[in-house]
Amino acid sequence: MEEADVIVATIAFGMGIDKPDVRFVVHYDIPKSLEGYYQETGRAGRDGGEGVCVAFYSYKDIQKLEKFKQGKPIAEQEVSKQLLMETVAYAESNVCRRKVLLNYFGEDYKQDNCKNCDNCLHPRKQFDGQEEMCLVMETVQKSLQQFNSEHIANIIAGVSNAMIKSYQHHKLDVYGMGKDRTAHFWNAIIRQGIVLHFLEKDIEKYGALSVTQAGKDFLENPSPLMLFEDREMEEETDASADTQTKAGGGGGDTVLMSMLRDLRRDMAHRLKLAPFVIFQDISLEDMSILYPVTLEELVHCQGVGEGKARKYGKGFVELIEKYVEENEIIRPQDMVVKSVINKSLNKVYIIQSIDRKMDFEDIAEAKGLSMDELIEEIEVIVNSGTKLDIDYYLEQTIDDDKLEDIFDYFRYEAQSESLSEAVKELGSDYSEEEVRLVRIKFLVEVAN
Ligand SMILES: [Zn+2]
């Protein structure tokens with residue numbers, strides 16, 4: 001097949017979905033839905049060999065994706081938030097990954113330990129977090145449901161910073177009540193509270209947390225609640241967690257961020273203004289995440305109103321536009337599903353559905369394809385070396401004798417794989433669709 005021993009591909013290259021022997025799938029970014037995750041990991045080990053899937057997960061990535069969505073229609077935000085929360089729940093879950101995934105797709109996995117996933121191999125420590133969860137919810141209520149998880153975690157852990165002082169939150173009775181644990185620990189409790197639907201986040205209000213009805217019910221009638229400790233490897237990064245919070249650490253493009261800072265400094269110098277008067281750090285940070293290239297887009301960044309955008313924005317969007325172009329950056333706005341991606345998603349779906357012996361009619365219908373288009377996609381998949389077993393479908397749609405005739409034609413008589421020639425040679429007893437389908441079988445079993 002390939003001459004290279006190892007091929008590393010990003011999703012932009014279709015990630016070799018036609019290859020049966022993908023050994024590793026690494027998610028360096030969190031997938032935007034569980035469905036996507038399932039399809040992407042499903043690319044590993046299609047030949048029945050080993051397939052290792054590693055997903056890196058940090059809650060910062062979620063925040064970044066949520067920021068992408070700001071300024072989008074609310075309905076769209078809601079849908080993607082839902083999908084994303086399912087991924088978060090999956091990532092945070094300590095239940096067998098296999099069980100969770102199969103469950104999501106309506107299947108039951110009854111084994112207790114799959115002996116393959118991280119949760120089964122290295123179970124996370126559990127503890128009764130009843131009091132901790134109540135403390136989190138009380139803090140959210142006492143700060144009037146106006147603040148995001150970092151801030152709430154900082155209050156409980158007794159962190160002293162400008163934000164806390166300016167809102168006088170060090171005077172709340174809950175301040176420092178959990179100071180024997182780090183803000184990082186409290187953040188993990190908050191995330192689990194979100195997954196358990198005790199807490200809700202308002203993306204429109206920069207992630208402000210509020211307590212849901214279920215949360216209020218729990219506060220009134222608390223009961224033992226098993227929560228999970230974060231893994232130790234994450235605890236090791238605790239030392240830097242505080243500094244990260246101080247620096248903003250919004251997960252943006254650091255190179256662009258420093259360019260934007262330089263521009264702001266020069267501009268401030270030229271206009272004899274303090275840099276923050278032009279744009280605050282938080283605005284620059286959003287620019288480094290959202291990559292706005294017009295003044296309209298710039299307004300989506302925190303702290304940037306229309307006036308400011310008009311007054312100071314031009315140089316910034318020009319710099320960003322140039323940067324985006326030179327570095328071929330795919331901006332969140334451009335991430336509208338492109339037909340190419342769509343197509344490759346179809347491929348994964350088709351491969352998986354055929355593995356599950358689904359009727360072609362159902363596959364075509366599920367993906368809104370005509371039978372012609374479906375067969376065409378299957379031909380592409382097979383031509384690139386993936387062995388699809390479509391016998392189950394041939395058996396129920398094509399007469400045995402006809403099947404043999406067409407197969408033998410390709411095997412013994414045909415001068416090439418040409419379809420039009422085959423149709424001509426075989427004559428009108430055989431429909432083009434039949435010829436194409438059997439040709440697929442031939443390509444899988446003999447030619448490739
Ligand atoms: Zn498992």
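A crossing of two helices is called left-handed if the near helix is turned anticlockwise from the far one by less than a right angle, and right-handed if clockwise. Keep that in mind while we look around. What you have here is a predicted model, where local features need pLDDT of at least 70, side-chain atom pairs count only at pLDDT 80 or more, and totals for chains, interfaces and linings use all residues. Residues are numbered from 1 along each chain as its sequence is written.

Let's start with helices H22 (residues 400-413) and H23 (residues 419-426), whose axes sit 11 Å apart at an angle of about 120 degrees. That angle makes H22 oblique to H23. (Oblique is what remains once angles under 35 degrees count as roughly parallel, over 145 as roughly antiparallel and 65 to 115 as roughly perpendicular.) The crossing of the pair is right-handed. From H22, Ile406, Tyr409 and Phe410 meet Ala422, Glu425 and Leu426 of H23, with contact meaning C-beta atoms, placed from the backbone, within 7 Å.

Now for the inside. A nonpolar core is a set of buried Ala, Val, Leu, Ile, Met, Phe, Trp, Tyr and Cys residues joined through C-beta atoms within 7 Å, and buried means that 20 or more other C-beta atoms lie within 10 Å of a residue's own. The largest such core has 26 residues, and Val136, Ile152, Trp186, Ile190 and Leu199 have the most contacts inside it. Helices H6 (130-142), H7 (149-157) and H9 (183-195) and strand S5 (208-211) each give two or more residues to this core. H9 supplies the largest share, seven residues. There is also a second, separate core of 20 residues, with Ala422 among them.

Terms used
Axes are lines fitted to C-alpha atoms, for helices over the stretch in contact, and angles run from 0 to 180 degrees between N-to-C directions. Helices (H or I, at least four residues) and strands (E, at least two) are DSSP runs, numbered from the N terminus. Two residues are in contact if their C-beta atoms, placed from the backbone, lie within 7 Å. A residue is buried if 20 or more other C-beta atoms lie within 10 Å of its own, exposed if 12 or fewer, and partly exposed in between; C-beta atoms are placed from the backbone.
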